[in-house]
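Please consult the sequence and the structure shown below while reading.

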Amino acid sequence: MRITILCENTVGRLVGLGEHGFSAFIETDQGNYLFDTGSGRSVIKNSLELSKDLQSIKNIFLSHGHYDHSGGLPEVLKLRGKVDVHAHPHIFLDRVHVIKEDGKETRRFVGLPFKRSYLESLGANFILNKDFIEIEKGIFLTGEVPRKTSFEKPDSRLFSEIDGKTNLDIFSDDQSLILNTEKGLILILGCAHSGMINIINHVIHKTGEEKFFAILGGAHLDFLTPEQLEESIKALKKINIEKIGACHCTGMRAAFRLHQEFGERFFYGHVGSTLEI
Ligand SMILES: [Fe+2]
Ligand SMILES: [Fe+2]
């Protein structure tokens, strides 16, 4: 099994483009899969430069409806044609990012930037589900993640619209992918809007497995206070994890802290990073 980071904010090898986004290409004995698509700026270019054939993917998984994870979907569909896209029904919500600076408010649309009908016309067969589910042998989606920790709070800059009302985004659609391997679980996070520790606890509860060979992807730690970040790291250190390949919305400050705590077990998941079993 090999997982390659296809889209990410930074470039670590001499190939590919960086962008604010995330996507991972997964190669297994059962076939190839795509988890998230980046924003659309780099997924095709990086797949070509990293020799990952997007026409070969069996399924697409979307972690949530933010543009930086779903915006590359049309480009992938134009290459791949008809394909199952697994996600939560809330990926289609309207979403905004609100920044208040010097008494001025700036709003930016950050949801899925395409209509469902357009994506379906390009071949997307949406399979929308809210529950923990085994997609194929040993490959699971978390479904909705219960919020249980006291220190993982919603990001106060992110909003969504449900039934015409704009509220703080609770990200019911945030889900992560689990691969069950002989070395332990591999957990791939999109943005971990449910809270990384909430997600890990949910995965342990649902799978009955406590050993993680690797946790990869966006841990969304950059907006936390230093105290909240330390709580998350303290909780993470109690979990049996061999490798942490955090990146994207983890943020550099938190990534440095994770490196400090986990030493050689930590690596930054930039474009072109691979994890092999
Ligand atoms: Fe993100
Ligand atoms: Fe996100």
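A donor is an N, O or S atom within 2.8 Å of the metal (3.2 Å for Na, K and Ca); water is not among the atoms, so sites may look incomplete.

The model is predicted: local features need pLDDT of at least 70, side-chain atom pairs count only at pLDDT 80 or more, and totals for chains, interfaces and linings use all residues. Residues are numbered from 1 along each chain as its sequence is written, chains are lettered from A and ligands numbered from 1 in the order in which they are written, and side-chain values use heavy atoms, with hydrogens and water left out.

**The iron sites**

The two sites are set side by side in the table.

| Ion | Protein donors | Donor distances | Angles |
|---|---|---|---|
| iron ion (ligand 1) | Asp68 (OD), His69 (NE2), Cys191 (SG), His248 (NE2) | 2.1 to 2.3 Å | 85 to 160° |

Four donors count as tetrahedral if all angles lie between 85 and 135 degrees; four count as square planar and six as octahedral if opposite donors are over 155 degrees apart and all others between 65 and 115; anything else is irregular. The arrangement around the iron ion (ligand 1) is irregular because its 4 donor atoms subtend angles of 85 to 160°.

Helices (H or I, at least four residues) and strands (E, at least two) are DSSP runs, numbered from the N terminus.

The donor residues of the iron ion (ligand 1) are spaced D-H-x121-C-x56-H in sequence. Here the pair of Asp68, in helix α2 (residues 67-70), and His248, in the loop between β16 (240-247) and α7 (252-262), links distant parts of the chain, 180 residues apart.

Which residue coordinates both ions? Cys191 does so, and the iron ion (ligand 1) and the iron ion (ligand 2) are 3.5 Å apart.

Buried means under 20% relative accessible area, exposed over 50%, and partly exposed in between (1.4 Å probe, protein chains only). Asp68 and His248 are both buried. Cys191 counts as buried because its relative accessibility is 3%. His66 is buried at 6% relative accessibility, and His193 is buried at 11%.

**Cysteines**

A disulfide is a covalent bond between the sulfur atoms of two cysteines. Here the criterion is a pair of cysteine sulfur atoms within 2.5 Å, and the structure holds 0 disulfides. Cys249 is buried, with a relative accessible area of 7%.

**Helix α5 and its contacts**

Helix α5 (residues 196-207) has 12 residues and reaches 16 Å from its first C-alpha to its last. This is close to the 16 Å expected at 1.5 Å a residue, where the expected span is 1.5 Å times one less than the number of residues. Among the buried residues of α5 are Met196, Ile200 and Val203. The buried residues of α5 pack against β13 (177-181), β14 (184-189), β15 (211-218) and α6 (226-237), a contact being heavy atoms within 4.5 Å. Just after α5, Gly208 takes a positive phi of about 75°.

Val145 is in the loop between β10 (139-141) and β11 (158-162), and is buried with a relative accessible area of 4%. Not counting residues up to four places away in sequence, Val145 touches Asp174, Ser194, Asn198, Ile199 and His202. Ser232, in helix α6, is buried with a relative accessible area of 1%. With the neighbours up to four places away in sequence left out, Ser232 touches Phe151, Glu152, Ile197, Leu221 and Leu224.

**Nonpolar cores**

A nonpolar core is a set of buried Ala, Val, Leu, Ile, Met, Phe, Trp, Tyr and Cys residues joined through side-chain atoms within 4.5 Å. Of the 53 residues in the largest nonpolar core, Ile188 and Phe212 touch the most other members. The largest share of this core, 6 residues, comes from α5. A second, separate core of 24 residues includes Leu6, Ile57, Leu77 and Leu119.
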